[in-house]
Amino acid sequence: MSRPAKWFVLLAALLAPVSLQAQAQAQGTPLPVDSAVRVGTLPNGLRYYVRKNAEPRARAELRLVVNAGSVLEDESQHGLAHFIEHMAFNGTKNFPKQELVKYLESIGMRFGADLNAYTSFDETEYQLQVPTDSGKFLEQGVQILEDWAHGQVFDRTEIEKERGEVIEEWRLGQGADERMRRQYFPVLLRGSRYAERIPIGDTLTLRTFQPAELERFYRDWYRPDLMAVIAVGDFDPDRVEALLREHFGELRAPAGERPRPVYQVPDHAESLVSITRDQEATGTLVQVLYKRPVEPQGTEEAYRRSLLETLHSAMLNVRLAALPHQAAPPFIGA
């Protein structure tokens, strides 16, 4: 069967009774926290989660999670939340220029597998795995997280080098799927800031932004009340908790702190339709999406509901996956 050259997308939205919210208030019995996880909040607002886990042996997974992503970018900052993530590996207060990657590779860590990061609409996460068979490795790992949190160095030479890297990443993503996504996102997310803040940004801003704009985003949104640190691994949790308090306890929010807005995806009375096509598309796809209000999270009732939804989806997908195996299937896949 020849594959059609055109690709069609149908996006239909079901009217919700209230506007969609990015967060919802939880009601009911709170879901208990695993007793093996230490949860704390420092006086500056930074939260931490520590859990001892003996497997894999002599390893620790460290995360810095920032409640800030591309949706917070000003008009002059398209793509800069993601650019800052790149700059985290190009020099910090305690690891100038490429010394960070060199140090981690010297202790057996691999860029990508053990050292990575990502930027989304609403959050940025830095990921690090370190050995724990020597005390200094774990301490240095926490130091790296602290540097990412408030010690990034925006060297002008490194910024100019990284422009080309980020623009190349943008270029590699410009296939048929991405071109069509940019056509239907404004329909799917109509009236929402999310439609205007794709994390990769746009090439005009990436080529021309001033370093001061990069530094301003970092100063505005990389602050302790918008951060959490996660540590899981084969270590003494008392020692790790003490390290987190030592390294992150002195962080302070900038003067004139900006409120962290929560953006909505508004509902609408009519169904919205987007038909997109691209000469390089390799198949035909029809999607029907139903927008719903965000449900409360963090309660036993919410967890039970999520289990029911997961089971429902899994059973439906099993049935849909069986249909293409018929003699005359109604579709290639669903």
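Q: Is A58 buried or exposed?
A: Burial is read from relative accessible area: buried means under 20%, exposed over 50%, and partly exposed in between, using a 1.4 Å probe and protein chains only. A58 counts as buried because its relative accessibility is 8%. This is a predicted model, in which local features need pLDDT of at least 70, side-chain atom pairs count only at pLDDT 80 or more, and totals for chains, interfaces and linings use all residues. Residues are numbered from 1 along each chain as its sequence is written, and side-chain values use heavy atoms, leaving out hydrogens and water.

Q: Where does A58 lie, and what is its phi?
A: Helices (H or I, at least four residues) and strands (E, at least two) are DSSP runs numbered from the N terminus. A58 lies in the loop between β2 and β3, and its phi is near 55 degrees, a positive value in a residue other than glycine. That loop also holds P56, and the peptide bond from E55 to P56 is cis, with omega near -5 degrees.

Q: Which residues does E158 touch?
A: Contact means heavy atoms within 4.5 Å. Not counting residues up to four places away in sequence, E158 touches M87, N90, K97 and Q98. E158 is found in helix α4 (residues 156-172) and is buried, with a relative accessible area of 5%.

Q: What is the phi of K97, and where is K97 found?
A: K97, although not a glycine, has a positive phi of about 45 degrees. K97 is found in the loop between α1 (80-87) and α2 (99-106) and is partly exposed, at 42% relative accessible area.
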